[in-house]
Amino acid sequence: MAQPQQSVIRHMTRLAMEHGAVNLSQGFPNEPPPIDPVMSAVSALLGGTEQGAADLLTRKLGECSTEELGSMTVEELLKSVQRPALDTLNQYSIPFGRADTRAAIAEYYKRFYGIDVDPNTQVTVHLGATEAMASTFRALFSPDDRILIFEPFHEIYPNQAALFYLKCDYCTLKEDVDKGVWEVDWEGFDAAMASGVKAVVLNTPHNPTGKVFLEWELQRIFAAIKKADAWLITDDIYEHILFEHTHLCPLALDPEMASRTVLVNSISKAISATGWRVGWTISPAAMTDTIRAVHDQMALMAPNAQQFATIRFLGLSDSHFKEDLPKKYQDRRDFLVPELKRLGFGVSVPEGAYYAFCRYQQVPKLSGMGPMEACTFLVEKVGVAVVPGDNFYGKSDDGQKYLRLAFCRSMDDLQEAIRRLGKLVE
């Protein structure tokens, strides 16, 4: 029976810190979240209650003169705020999520996908998407059940499956280098579905390839799931980081999937707040209590103040989700990918998410190295941390050809990384 393994991705982050390398390994930004949700979090921590938080954001500074304010530190100013007699926002929330946060999540799905979600019977707020996925696996499946994962995959899927004694089957995405796209091995997919898998895990936009699954691909997957009487579990955390195509919500695309789909999502990527740890599941009402029970025992709750701030995040303007967010990462993609190609890497231009999955063995100084050997060389000798491609595969040996680079870091970091990688062609 496979056992959970420590994260290779986070191991590479630790090596980046040890060697002073530019960290393009782990998919977390190094720039701040939008100010409005941050202000909501601060007001919750200091205001203590919903009313206290609202009062704090609208309170005038009183009789303080400009000179007095000019001599105060930010800490002194914040400490001067009258603290409330009562406090709820620094305490436990309802384990499965604040009622107003769950309502905001339901409204978010109505706003962007036109679907009705019941916040009381379908929405559970989790300690990030990682815990949401784990709770879903435990709630839906029993030891020795098999789930189908598209490879390359994010490493949490097979590791969490191992945590609950589940078995993994794999369907390999193949890169068509000439077309510059990633394609499903449908023969392998059909064979896996016919063998009795209990669920398909679907991540689109896809980490690490950047593939965005098209409507006809999703419809074929849905048809196979219904025929097999299986579940669909989505990982939607990159839903708004799109450069090509559109993110299609399964519940909107095929309402018949509603009874056999659990949507997993979080604020982490869309708000650049990976440390806030607020995620959620949208599940059929019949499964929600079980998911909530597992979540209650595994994590209890997501941080109350961050849940409160998530309401403000979910209410950000359409332009944040549809324009500002994708443009920020498309600009970085459009810088990094051509530079990598100039240095000899091969990469199909990602359609979404914020990773470049690169063929590296044609780079002379990396030729002949295995993926981890190449990563070790890059972090120790070149000063750039990336992730070995074989970390993303469970069946195919295709990972021997690839390295993953994240372009969610600042443009300054990306430019410095390319400067350092220039040593490979000197």
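This is a predicted model: local features need pLDDT of at least 70, side-chain atom pairs count only at pLDDT 80 or more; totals for chains, interfaces and linings use all residues.

Biologist: OK, so which hand does the crossing of helix 7 and helix 8 have?

Modeller: Right-handed, where helix 7 passes helix 8. Helix 7 covers residues 128–140 and helix 8 covers 156–163; their axes come within 10 Å and cross at roughly 45°. Angles under 35 degrees count as roughly parallel and 65 to 115 as roughly perpendicular, and helix 7 and helix 8 are therefore oblique to each other.

Biologist: Which residues make that contact between helix 7 and helix 8?

Modeller: From helix 7 you have T130, M133, A134 and F137, and from helix 8 there are I156, Y157, Q160 and A161. Sorted by class, the contact of helix 7 with helix 8 has six nonpolar residues, two polar ones and no charged ones.

Biologist: Let's jump to helix 6. How does helix 6 pack with helix 14?

Modeller: Helix 6 (residues 99–113) and helix 14 (residues 304–314) have axes 9 Å apart, at an angle of about 20°. Helix 6 and helix 14 are therefore roughly parallel to each other. Their crossing is left-handed.

Biologist: And who touches whom there?

Modeller: On the helix 6 side it's D100, T101, A104, I105, Y108 and R111, and they meet Q307, F308, T310, I311 and L314 in helix 14. That contact of helix 6 with helix 14 splits into six nonpolar, three polar and two charged residues.

Biologist: What about helix 6 and helix 15, at what angle do they cross?

Modeller: Roughly 60°, and the axes of helix 6 and helix 15 (residues 318–342) come within 11 Å. Helix 6 and helix 15 are therefore oblique to each other. In this contact, Y108, R111 and F112 of helix 6 meet D318, F321 and K322 of helix 15. By class, the contact of helix 6 with helix 15 has three nonpolar, no polar and three charged residues.

Biologist: Changing topic: how many cavities of 30 Å³ or more are there?

Modeller: The count comes to four cavities of 30 Å³ or more. The largest cavity has a volume of about 60 Å³.

Biologist: What lines the largest cavity?

Modeller: The lining is I149, F150, P152, F153, H154, Y157, V201, L202, N203, H206 and N207. Strand 3 (146–151) and strand 6 (199–203) each supply at least two residues of that lining, and strand 6 gives the most, with three residues. By class, the lining of the largest cavity has seven nonpolar, four polar and no charged residues.

Biologist: Now the largest pocket. How much space lies in there?

Modeller: About 450 Å³. The largest pocket is lined by 24 residues, and R10, T130, H154, I237 and K269 lie nearest its centre. Helix 1 (8–19), helix 7, helix 8, strand 8 (261–266) and helix 12 (268–271) each supply at least two residues of the lining.

Biologist: Which of those gives the largest share?

Modeller: Helix 7, with three residues. By class, the lining of the largest pocket has ten nonpolar, nine polar and five charged residues.

Biologist: Last topic, the backbone. Which peptide bonds are cis?

Modeller: The bond from E151 to P152 is cis, with omega near 5°, and a cis peptide bond also joins T204 and P205, with omega about -10°. P152 is in the loop between strand 3 and helix 8, while P205 is in the loop between strand 6 and helix 10 (215–228).

Biologist: Where is Y165?

Modeller: Y165 is in the loop between helix 8 and strand 4 (167–176).

Technical notes: Residues are numbered from 1 along each chain as its sequence is written. Side-chain values use heavy atoms; hydrogens and water are left out. Axes are lines fitted to C-alpha atoms, for helices over the stretch in contact, and angles run from 0 to 180 degrees between N-to-C directions. Helices (H or I, at least four residues) and strands (E, at least two) are DSSP runs, numbered from the N terminus. Angles under 35 degrees count as roughly parallel, over 145 as roughly antiparallel, 65 to 115 as roughly perpendicular and the rest as oblique. A crossing is left-handed if the near helix is turned anticlockwise from the far one by less than a right angle, and right-handed if clockwise. Contact means heavy atoms within 4.5 Å. Ala, Val, Leu, Ile, Met, Phe, Trp, Tyr, Cys and Pro count as nonpolar, Asp, Glu, Lys and Arg as charged, and the others, Gly among them, as polar. On a 1 Å grid over the protein atoms alone, a cavity is a set of points where a 1.4 Å probe fits but cannot get out, and a pocket is an open set with protein on both sides within 12 Å along at least five of seven lines; lining residues have an atom within 4 Å of a point. Grid points are joined across faces, edges and corners, and a volume is the space filled by probe spheres set on the points.
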